[in-house]
Amino acid sequence: MGNERRFDGKADVYETARPGYAPALLTYLAAKEGFVPGAAVADVGSGTGRFSRQLLDLGCIVTGVEPNDQMRAVAEARLGEHPGYFSTAGSAERTGLADASVDRVCAAQAFHWMDAQAFRRECLRVLRPGGVVALVWNFRDPTSPLVRASAAVCARHCPRFTGFSGGMDFDGDAVARFFDGEYRTVSFPHDLAYDRRGFVDRMLSASYAPDRDDAARAAYVADFERLFDEHAQAGTLVMPNSTVAYLGEVA
């Protein structure tokens with residue numbers, strides 16, 4: 001299965017269960033990194049449009065680039081009437097965008113799926129002079145007992161599990177190789193609160209989570225329901241999380 005197919009059948013739960021990114025990051029991007037009204041931004045690996053939505057709120061002109069048909073269809077249904085939003089069926093390695101056509105490129109919760117060097121070449125092609133790339137993630141706190149227990153459940157039931165965000169939580173080398181030089185790192189607290197259904201759905205939205213017809217699905221769900229019961233207070237579970245962005249120019 002190619003990476004573009006890993007979220008087949010999960011677009012709806014992804015849309016309902018996945019969080020947005022820390023509002024403080026968007027404030028920073030607008031104030032310091034040129035994500036300003038009218039800026040042309042390519043949101044590559046845009047999924048159901050979570051980050052695109054926040055960029056549109058900044059006044060950016062956003063093109064969502066998403067190879068998965070189901071994920072892209074959800075984004076188009078949610079954002080298609082926004083005058084600043086455009087959508088294309090490209091990939092990180094072949095966006096389909098014109099040369100020197102965008103001011104900024106971002107990849108939110110997506111870089112770990114990409115051929116990093118091919119994506120780098122594509123950024124060089126589509127960015128205008130002075131363009132900036134932002135690689136963004138929501139990262140769980142790896143020291144949290146809840147996060148460690150969640151990883152253990154995923155490892156027990158999911159053969160494709162290699163770590164949250166494809167292991168990028170713990171791998172800065174890939175980012176350094178991508179920028180091949182200096183880059184900036186910013187991090188903002190962004191703890192995530194879930195009710196019972198929301199927490200289980202968040203874990204079912206992962207690419208490695210068992211599909212509906214997978215025999216492991218019932219046990220996977222039961223283990224996360226147990227974790228919710230163990231860690232929730234007054235019906236709410238808080239996942240320690242930060243929104244982290246790596247930003248720089250490519251050359």
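Helices here are DSSP runs of H or I with at least four residues, strands are runs of E with at least two, and both are numbered from the N terminus. The structure is a predicted model, in which local features need pLDDT of at least 70 and side-chain atom pairs count only at pLDDT 80 or more, while totals for chains, interfaces and linings use all residues. Residues are numbered from 1 along each chain as its sequence is written, and side-chain values use heavy atoms, with hydrogens and water left out.

**Salt bridges**

- The structure holds 15 salt bridges, a salt bridge being a side-chain nitrogen of Lys or Arg within 4 Å of a carboxyl oxygen of Asp or Glu.
- In helix α5 (residues 116-126), Glu 122 and Arg 125 are 3 residues apart and therefore separated by about one helical turn, and they form a salt bridge whose closest N and O atoms are 2.7 Å apart.
- Of this pair, Glu 122 is buried, with a relative accessible area of 9%, whereas Arg 125 is partly exposed at 30%; buried means under 20% relative accessible area, exposed means over 50%, and partly exposed lies in between, using a 1.4 Å probe and protein chains only.
- Helix α4 (residues 69-79) holds both Arg 72 and Glu 76, which are 4 residues apart, about one turn of the helix, and their side chains meet in a salt bridge at 3.8 Å, N to O.
- Here Arg 72 is buried, with a relative accessible area of 13%, while Glu 76 counts as partly exposed at 35% relative accessibility.
- In helix α9 (residues 217-231), Asp 223 and Arg 226 are 3 residues apart, which means that about one helical turn separates them, and the closest N and O atoms of their salt bridge are 3.9 Å apart.
- Asp 223 counts as buried at 16% relative accessibility, and Arg 226 counts as partly exposed at 34%.
- Asp 223 and Arg 226 also belong to a network of salt bridges that links them with Arg 156 and Glu 230.

**Two residues and their contacts**

- Thr 63 lies in strand β2 (residues 61-65) and is buried, with a relative accessible area of 16%.
- Leaving aside residues up to four places away in sequence, Thr 63 touches Val 41, Ala 42, Asp 43, Phe 86, Thr 88 and Leu 97, where contact means heavy atoms within 4.5 Å.
- Gln 117 lies in helix α5 and is partly exposed, with a relative accessible area of 34%.
- Residues up to four places away in sequence again being left out, Gln 117 touches Arg 177 and Phe 178; Gln 117 and Arg 177 are 60 residues apart in sequence but 8.5 Å apart in space, C-alpha to C-alpha.

**The second largest pocket**

- On a 1 Å grid over the protein atoms alone, a pocket is an open set of points where a 1.4 Å probe fits, with protein on both sides within 12 Å along at least five of seven lines, and its lining residues have an atom within 4 Å of a point.
- The second largest pocket is lined by 13 residues, and Gly 9, Val 13, Leu 204, Arg 212 and Arg 217 lie nearest its centre.
- Helices α1 (11-17) and α8 (196-204) are the elements that give two or more residues to this lining.
- By class, the lining has 3 nonpolar, 2 polar and 8 charged residues, with Ala, Val, Leu, Ile, Met, Phe, Trp, Tyr, Cys and Pro counted as nonpolar, Asp, Glu, Lys and Arg as charged, and the others, Gly among them, as polar.
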